[in-house]
Amino acid sequence: MVDIDAFLGALLYVVPAVYALAFTAYLVVFAREAGWAVRAARPLLVLAVTLNLGQLVAFTTHYQHIPAVTVHQVLGAIGFAIAATYLWVETRTRTPHTGPFVLGLVLICQLDAMLHPRFGTEVPALLNSAAFSVHVTAAILGYSAFGLAAVYGLIYLLLYNEMRLKRFGLIFRRLPPLAVLDTMNFFAAGIGFAFLTVAVLIGSFWAAQVFSEQLLDPKLIVGWATWAIYGAALFGRRYRSWRGPRLAYSSVLSFVAVLLSMVVVNYLLSRYHIFS
Amino acid sequence: MNVLLLGVNHRTAPLEVRERLVYPRGEAATAVQQLKNGGSLGQVMLLSTCNRTEVYAVAEETEPAAARIRELVFAPKIEDRGYVYQQRDRQAIEHLYRVACGLDSLVVGEAQILGQVRDAYELSRASAATGAVLHRLLSGALRVGKRARRETEIGAGAVSVASIAVELSEKVFGELSGRRVLLIGAGENGEVCAQHLLGKKIASLTIANRTREKAEALATHLGGEVVAFDALAEAMGDVDVVVSTTGAPEAVINAKMVREAMRKRDQTALVLLDIAVPRDVDPEVDAIPNVFRFDLDALQEIAAKNLEHRAAEIPRVEALVQAEVDSFVAWWGSLHAGPVIRDLHRAFEEVRAHEVERNAKRFAPDDREQLDIFSRNLVRKLLMGVSQEIKGYRRDHPAELERLAALRQVFHLGAADAAPGGDDDDDET
């Protein structure tokens, strides 16, 4: 009989370790195109994502709830969603050179989840509902897409500045064209916006039912503010001249603002929206 | 039997010599036929580009073959003042493989040479001037040439002004199909750049020149439209890439014009390629967001970096070349009659042993030994005549060498070679 607790305990360290190896291989591919790294990077990432998926499935099956009770678990899930999405994008585009940037963010998420583990079957009664599951899943997917958009925005700005300064080194040689990065950024932000719309709508509806006296939950306000900011940026990109560097700055700064507001909400206003 | 090379290239001969030695396709076919009809040169290939004319041949005797090549290929066109080099066997094979990888090219790593090697081989094949050795030699050349480009970055990055202009535009816009280009100036450099951009299926080409007639002539030649020289700001609002190459003593595009154009184009990206000296575009435009200005210094820096990067890849390509040469030499060594007979017996024995083992259960235990003896005798007798025949084959006899190679190929006695072929269709310039 497999000891699931021991298995999950081991995966807590193994998954970030394999992500770290994949990140290192992608970094070497970016810097030197070394043959071993080119051969190893993708299989390592596939292994990391597979182990991560196994970890999430085993956790959910064993503890009877999705690992999204603490902000650290949510970050871990966001890391997984970003990595899986990146794997799909790389399969489509056949370019591994944005890998180190994306996997850097994934690794941060995974390390945070590793350092703040929470194992247990107890789930706050409030969270034992279908609405919560849909809300949290949509929110995780939405923020993952925003994370990816921010990475593509950051990469865009790196290449944009290198070209404007007429520096033609590794960044220039390795990264995809600006138009491609702009499209990826727009695409990721659009998907994130769609998921966040679902998340905040269900979240608001759910909060109105559960916390009838606390409708001004800070995290919900942050959710609506994030929705409005991204909505404005996407509208600007689609119908105004907010393309290229403007959309890139917008994606990066919005995601930083989201992360900061999460920290503020979770650590300074901890009486709200915390269930564990 | 020897692999022989005689040639002239950009290292040994000046351009005026090389240009006299260029063999157009029809003339090359005639030369190959003449060489082949001489008797001692059954397998021969003539590779002729503007940077090299080389003859690769498989010959029984080196010196008469070399003399014939000099007489038929080089002597009618040039007086040899030490321009023609001659190499044989491993040195010649190594040279061909380095040529296929672009290591011997004027611009290291250029891609067109691989297509030209393949075309030269096709010409020999069409002239029935190939055989097992040349086939294996060229298979190796095309294979190592492709590997060099696939597994290393020997061909990475653009190195000419026109191709760098395309690379920079693509780095901003990705695919250039559907993009609009404005060419300012009707000179030769601008025309070459425009041709490269047209090769990328751009949507439109607009030309502006102080002398409108020149712009119209170029527009007719390239397929574009003409715009008045004093309407540049407005024209820039409608295009994505501007190539400026006038001989004007001062800037023809200033920051005010670019700001006006950017307003018109809703601040979408604009690439300004300034390949004029003195510069046509005022450097102050660098302050305008989403405008990418590149002058000749920038283009030359990219070329230098790309060449430097290619040079750093040379050791990796040399390793691939050596491995492929070793593979050819090993194959060549395996074409002695002895090893062919040994490998043939080994292959038959493997089949025999496998079949005996597979069918052993159908026989009584006492009969199995008889089955083994019977099958061994059968195989030995089947191969006896063949072995006797092969034993007398000499590798320096072309027809017998062909048969030895064919036996290896038919019975899979060693690695089979794919037919030479490739994807590179361009010609070296």
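The model is predicted. In chain B, 4 strands make an open antiparallel sheet. The contact between the chains draws 20 residues from chain B and 14 residues from chain A. In chain A, helices α1 and α4 cross at roughly 160°.

**Antiparallel sheet, chain B**

- The strand order is β2-β3-β1-β4 in chain B.
- Strand β3 (residues 52–59) of chain B pairs with β2(B) over 6 bridges, in the antiparallel sense.
- B:Ser48 has B:Thr53, in β3(B), as its bridge partner.
- Helix α6 (residues 132–151) of chain B packs on the sheet and touches β1 (2–9), β2 and β3 of chain B.
- The direction of α6 makes about 40° with that of β2(B).

**Parallel pair, chain B**

- Strand β9 (residues 270–274) of chain B runs parallel to β10(B), and 5 bridges join the two.
- B:Val271 has B:Phe292, in β10(B), as its bridge partner.
- β10(B) is largely enclosed by the rest of the structure, because 4 of its 5 residues are buried.

- On the side of chain B that touches chain A, α7 (161–173), β10 (291–295) and α12 (296–333) of chain B each supply at least two residues.
- That side of chain B has 8 nonpolar, 5 polar and 7 charged residues.

**Helix pair, chain A**

- Packed helices are described by the angle between their axes and the distance between the axes.
- The axes of α1 (residues 4–32) and α4 (residues 99–115) of chain A come within 9 Å.
- They cross at roughly 160°, which makes α1(A) roughly antiparallel to α4(A), as the angle is over 145 degrees.
- The crossing of α1(A) and α4(A) is left-handed.
- From α1(A), the contact residues include A:Tyr13, A:Pro16, A:Phe23, A:Leu27 and A:Phe30.
- From α4(A), they include A:Gly99, A:Leu103, A:Leu107, A:Gln110 and A:Met114.
- By class, the contact of α1(A) with α4(A) has 18 nonpolar, 3 polar and no charged residues.

Methods:
Residues numbered from 1 in each chain as written. Chains lettered and ligands numbered in written order. Predicted model: local features only at pLDDT ≥ 70, side-chain atom pairs only at ≥ 80, totals over all residues. Pairing = 2+ DSSP bridges. Contact = placed C-beta atoms within 7 Å. Axes fitted to C-alpha atoms, helices over the stretch in contact; angles between N-to-C directions. Nonpolar A, V, L, I, M, F, W, Y, C, P; charged D, E, K, R; others polar. Buried ≥ 20, exposed ≤ 12 C-beta atoms within 10 Å, placed from the backbone. Parallel < 35°, antiparallel > 145°, perpendicular 65-115°, else oblique. Left-handed = near helix turned anticlockwise from the far one by under 90°.
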